[in-house]
Amino acid sequence: MSDLAWVVLGLSIAYLSMAGYLLSLEVRRRRLDDAGGWP
Amino acid sequence: MTRFRSTDALALVLLAVGFAAIVAAPTDALQGLLQRLMYAHVPAAWLAYLAFAVTLVASIGWLRTRRARWDHLAVGAVEVGVFFTGLALVLGSVWGKPVWGVWWTWDARLVTTALLFLVYLGYLALRRATEDPRARANRAAVLGIIAFVQVPIVHFSVVWWRTLHQPATVLRPGHPTMDHTMLAVLVVNVAAYTAVFITLLRRRIALARREEELERGRWSPTAPVAGDAVEAPLVEGEHRV
């Protein structure tokens, strides 16, 4: 694998994992709102 | 959806600027392009330190005041800190494979960081194992204070032991040993990751607050822990005491 491919892999993991974690927080909050009967 | 705030917009802008800076950064004479991974790995590791420092302060705050907001801050900071620790470990591994030739080695910095990750995962497990909200916050706060001892151990592991991991180039006595342009790129990315940290922490605190509101209406000290379905088996003819 080329050096550029390693860099792209690493940065992709960084940005996508941050986006994924943010999304998971949003999903968890929506589930709680549904469980609590909030609109 | 959680309200989009100016800190969220700032995080997005800083991440974009940070990425552009990584692309434009000068290429390292020894490592070539691979050194650019440091602009993500180092901020992730520093943000993990910051998160656990926030947990330390919040844990002390809870034990002194018993105000729920401190407990929310502590659990939020630990979860975000575990995320950044995991990210630092993974990015270190992605860098280590092409540079060191291995994904993992039993180096003092790597091992102490992995232990840091596991202990704070244990913090989250401890919270899930305790039903009483007050007891849970108390136990978590004690662990949150004790576990912070690891942060200086991780940071100084490269000084105290002979390691394959390079010594500190910025968080050290005296001037940073990095090239100034590279240092500027690192600073921009640290700012970007800090803005992301604030965004994640704010949302995680809101989640903790919402969890507590729901729990308050549900939990009582005499309620069965997980319902009647998990009662211990009973021999036929005997009666439960």
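Of the 33 residues of α3(B), how many are buried?

**View 1. Burial along helix α3 of chain B.** This is a predicted model, in which local features need pLDDT of at least 70, side-chain atom pairs count only at pLDDT 80 or more, and totals for chains, interfaces and linings use all residues. Residues are numbered from 1 along each chain as its sequence is written, while chains are lettered from A and ligands numbered from 1 in the order in which they are written. In α3(B), 24 of the 33 residues are buried, so the helix is mostly covered (buried: 20 or more other C-beta atoms, placed from the backbone, within 10 Å of the residue's own). Across chain B, 36% of the 241 residues count as buried.

**View 2. The span and end of α3(B).** Helix α3 of chain B covers residues 68-100, and its end C-alpha atoms are 46 Å apart. This agrees with the 48 Å that its 33 residues should span at 1.5 Å a residue (1.5 Å times one less than the number of residues). Just after the helix, G101(B) has a positive phi of about 90°.

**View 3. The elements of chain B.** Chain B has seven helices and zero strands, running α-α-α-α-α-α-α from the N terminus (DSSP runs: helices H or I, at least four residues; strands E, at least two). Its C-alpha atoms fill a box of roughly 80 × 40 × 30 Å along the principal axes.

**View 4. The contact of chains A and B.** Chain A gives 20 residues to the contact and chain B gives 24 residues (contact: C-beta atoms, placed from the backbone, within 7 Å).

Key: A residue is buried if 20 or more other C-beta atoms lie within 10 Å of its own, exposed if 12 or fewer, and partly exposed in between; C-beta atoms are placed from the backbone. Two residues are in contact if their C-beta atoms, placed from the backbone, lie within 7 Å.
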